Amino acid sequence: MSIFWELLLVVLLLTGSFFILMGGVGLVKLSEFFRRLHAPTKASTLGVGCVLAASVGYHLFIDSDPQPRELLITAFLFITAPISAHLMSKAALSLRMDEWPQLPGKSDEDTHVPPRPDGSDDDGY
């Protein structure tokens, strides 16, 4: 394997590790549900995708048998992460989580939630 491909795999692994770390930090540090939703669905998905791409590249360049596991994991991750994020956000909107009590020690500026998409203010009952 040439030095160029080795460096490319190292860059993919470092990029993936960075995004996975930022997804975990965002999940812990962000104050509100709708903000915390972006950390695992965006950053961690990109990070795991980079790590799996590096794994596929490594197996291609050492001339081992092709392993479809990495490709199946990547496809499953990229299909399910946006769908699960969409369903969680729709459930949170229907539960009106924007009106729940805020976390202690957080100001209203930290937990701003955009208006409801349907424009209603009541429960609809």
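This note covers the confidence, helix packing and aromatic pairs of a predicted model.

1. Residue numbers start from 1 along each chain as its sequence is written, and side-chain values rest on heavy atoms, with hydrogens and water left out. Because the model is predicted, local features need pLDDT of at least 70 and side-chain atom pairs count only at pLDDT 80 or more, whereas totals for chains, interfaces and linings use all residues.

2. The protein has a mean pLDDT (the predictor's confidence in each residue, from 0 to 100) of 79, and 75% of its residues reach 70 or more. Confidence is highest in helix 1, at 91, and lowest in helix 2 (residues 33-36), at a mean of 80; helices here are DSSP runs (H or I) of at least four residues, numbered from the N terminus.

3. Helix 1 (residues 3-29) and helix 3 (residues 38-61) have axes that come within 7 Å and cross at roughly 160°, the angle running from 0 to 180 degrees between N-to-C directions. The two helices are therefore roughly antiparallel (over 145 degrees) to each other. By class, their contact has 18 nonpolar, 9 polar and no charged residues, where Asp, Glu, Lys and Arg count as charged, Ala, Val, Leu, Ile, Met, Phe, Trp, Tyr, Cys and Pro as nonpolar, and the others, Gly among them, as polar.

4. There are 3 aromatic pairs, counted for rings of Phe, Tyr and Trp (its six-membered ring) with centres within 6.5 Å. The rings of Phe18 and Phe19 lie 5.6 Å apart at their centres with planes at 70°, so this pair is edge-to-face, a term for planes over 60 degrees apart. Ring pairs also link Phe4, Trp5 and Phe61 into a cluster.

5. Phe18, at 44% relative accessibility, counts as partly exposed, and Phe19, at 25%, also counts as partly exposed; the class lies between buried, under 20%, and exposed, over 50% (1.4 Å probe, protein chains only).

Terms used: Angles under 35 degrees count as roughly parallel, over 145 as roughly antiparallel, 65 to 115 as roughly perpendicular and the rest as oblique. Rings of Phe, Tyr and Trp (its six-membered ring) pair if their centres lie within 6.5 Å; planes under 30 degrees apart count as stacked, over 60 as edge-to-face and the rest as tilted.
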